[in-house]
Each structure stands twice: as C-alpha cells, then as structure tokens.
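Try each task yourself before you follow the solution.

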Amino acid sequence: MPKIIDHDQRRREIVEVAKQLIIEGGFEAATMRSIVAAAGYANGALKRYFPSKDDIIAATFQSVLAEMNERIRAQGPAPADPLEALRHYVEAALPLDQYRIDSARILLVLWEHAVANEELAELYRKFLGTWRAQLAERIAAARGRGESPDAPEVASLAGEVVGVSIGANVTCLMYPDGQLVPEHRAYVDRFLRHVLD
C-alpha cells in the first residue's frame, strides 16, 4: 500500500526550514538547493510544493504574519482593563523574547524582498492596515474619552506604535542577545502614560 503523504504538512515543514535558514544566514542562505538539503527531500520534490523561491518566500511571509497574530491570541484573553489590554497588544509586536527576535530577522529579509514583489508588498500593507486599525481601537478604549479610532490623536498614537515596533524589530538584529529588551519595555511604560495625557 502506498504511503499517504500529508501535502499541507510537507509545505509547513518546507516553510519552517526556509525560516531557519533565513535566521541563520539571511535571504541568500535560503536557496532552493539548501532548502531541499535541509528538509531531506529529493531535488525535484520541492517544486511540487513550491515552483519557485518566490513562492516559498511568500509562504514564509504569510506564515510569520500568521504566527504574529497567533502569538497575540495565545497570550491569553486581553485583560479587562483597557489600558492593560493595550499594553498586552503593544508588547506582542515588540522583540521581547528570542522567538520574536528571530521573527524580526525573517521579517527584515522579507520586507526587503517585498520591495521588488508587489504581491508580498500588498500582503504586508494589508497586515499593517489591520494592525494599525486594531491598535487605534485599543488606544481609543484605553483613553476612555469616547473618541473614534479615526480621531487624529488616536491615529497618531497608533502610527507611533507601528513605527517604533518596526524600528525595534530592525535594531534588535544588531543586539540578538536581547540587550534592548529593557529599553523596549520602558518605551511601553512611557507610551501608556502618554496615551492618558
């Protein structure tokens, strides 16, 4: 009887191999040949799941973004206090542990690749739009002033978090040992005080 192959599982395994290669050696390290070798597949097997490197990169990007969303949910239910719920959400996007520092390395590579790949760029723009909208909702709730998430001050604060989070994910690559984690946590404290100003 022929062996039953779970093709979705194979795709996930290939994406995980690509992520690890990117973490260890950057975009150039994740060649079709190196992915096949690290995954332990025959040379032609990879093309069945991903016809090109761009297809693997797109799947890797989608996987990292999905994992970011899942980690926010996995931290448990948001606290009842709107300000603490906002803290919970802001901290989820910052590189405060080794997993998120590694994810930042993958995202930096994918952002660079997205410059020349409109499909990836659009995928990330959608993610940014959703992230910003959810931040604005939480900021408006934390301020407790009956403001709309579209209010200029609320939108500005949401934009600040997006910018700082992206900057933190870039700079943590120079300090992969987590040296900047206390600085990022201190930023969250300052930001939450500013939200209530």
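Ring pairs link F61, W111, Y124, F127 and W131 into a cluster. The model is predicted, so local features need pLDDT of at least 70 and side-chain atom pairs pLDDT 80 or more, while totals for chains, interfaces and linings use all residues. Residues are numbered from 1 along each chain as its sequence is written, and side-chain values use heavy atoms, leaving out hydrogens and water.

**Exercise 1.** Work out how the rings of Y124 and F127 are arranged.

*Solution.* Start with the rule: rings of Phe, Tyr and Trp (its six-membered ring) pair if their centres lie within 6.5 Å; planes under 30 degrees apart are stacked, over 60 edge-to-face, and the rest tilted. This rule gives five aromatic pairs. For Y124 and F127, the centres are 5.7 Å apart and the planes meet at 25°, so this pair is stacked.

**Exercise 2.** Decide whether Y124 is buried or exposed, and do likewise for F127.

*Solution.* Recall the cut-offs: buried is under 20% relative accessible area, exposed over 50%, and partly exposed in between (1.4 Å probe, protein chains only). Y124 has 10% relative accessibility, so Y124 is buried. F127 has 12%, so F127 is buried too.
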